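This report describes helix packing in a predicted model. The confidence of the prediction is treated at the end.

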Amino acid sequence: MSKLQEEVARRPIASRSSPWAIRLSKYLAQAGVTANSISLLSIVFAVVGGALIAFMVHPIAWLCAAACVQMRLICNLLDGMVAIEGGKKTPSGPLYNEFPDRICDTLFLVPVGYAVGYPWLGWLCALLAALTAYIRVFGGSLGLAQDFSGIMAKQRRMAVLTAGLVVQCVETWLFGSHWSLLAALVIITIGSLVTCVTRTVSISRGLAVRSGSD
C-alpha cells in the first residue's frame, strides 16, 4: 500500500498532529512498544471501564469509567501513529487495528444497558456500533475509499458516552437516577443507526459513480 493509500484509509483525527501525540508516539516507537500491543491495551481500558459502569454505582466510578473511555481513544490514536509514523507496521496490523475496536465498543456499551435497566438497548447499541464499522470496511473491500463520516462515528460515540458518564456522576450524587446514561445510550443507538444508513447510501452512490465512469 502506498503512502497516499495509507492516508486515505486512515480515520481523520485532528489530534494526530498535536505536539503531545507526536512526542508520545515517537517515544513509544523508540522504546520498542509495538502498535499491536497498544491496540490490545485499549481492550484493558474497556474491560476496566465496562466493569465500573456495570458494577460500581458511585460518582467516582462514573468519572473513572469516563477516563477509561478517553484512554481507549488515546490508544486508538497512538497505535496508528506508532505503526505508520513510527515505522512499526506489521502484516497483522490491520487485524489489530479493527478487532480491538469492535471489542471495546461492546465492552463499553453493553454494560451501560445493564446499568440503566435496559440490557437489550445496550446490546442493540453495540450491534449498531459494530455495523457502522462493518459498512465502512465493506465499502473499502469494494474498492471505494473507506467512509469514516457519520453523525455517530467512533469518536462521537465515545464523546457522547464520556459526556453521559460525567453528567451521570452529578446525577448519581444528587438524585441516584440514571437518566443521563440512558439518554447517552439512546443518542448513540439512534446516531449509529443513522450513520449505518448514510454510509450505505454513500457506498451505493460511489458504486454508481464508478460504474458510470467505467
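## Packing of α3 and α5

Helix α3 (residues 35–55) and helix α5 (residues 93–115) have axes that come within 8 Å and cross at roughly 5 degrees. Angles under 35 degrees count as roughly parallel, and α3 and α5 are therefore roughly parallel to each other.

On the α3 side, the residues in contact include Asn-36, Ser-39, Leu-40, Phe-45, Gly-49, Gly-50 and Ile-53. Their partners in α5 include Gly-93, Tyr-96, Pro-100, Cys-104, Phe-108 and Ala-115. By class, the contact of α3 with α5 comprises 16 nonpolar and 6 polar residues, with no charged residues.

## Packing of α5 and α7

Helix α5 also packs with helix α7 (residues 154–174), at an angle of about 30 degrees and with the axes 12 Å apart. That angle makes α5 roughly parallel to α7. The crossing of α5 and α7 is left-handed.

From α5, Asp-101, Arg-102, Asp-105, Phe-108, Leu-109 and Val-112 meet Lys-154, Arg-157, Met-158 and Leu-161 of α7. This contact of α5 with α7 has 5 nonpolar and 5 charged residues, and no polar ones. Phe-108 and Val-112 of α5 are listed in the contact with α3 and in the contact with α7.

## Confidence of the prediction

The chain has a mean pLDDT of 88, and 92% of its residues reach 70 or more.

Where pLDDT is low, predicted coordinates should not be read in detail.

Technical notes
Residues numbered from 1 in each chain as written. Predicted model: local features only at pLDDT ≥ 70, side-chain atom pairs only at ≥ 80, totals over all residues. Heavy atoms only, no water. Axes fitted to C-alpha atoms, helices over the stretch in contact; angles between N-to-C directions. Helix = DSSP H or I, 4+ residues; strand = E, 2+ residues; numbered from the N terminus. Parallel < 35°, antiparallel > 145°, perpendicular 65-115°, else oblique. Contact = heavy atoms within 4.5 Å. Nonpolar A, V, L, I, M, F, W, Y, C, P; charged D, E, K, R; others polar. Left-handed = near helix turned anticlockwise from the far one by under 90°. pLDDT = per-residue confidence, 0-100.
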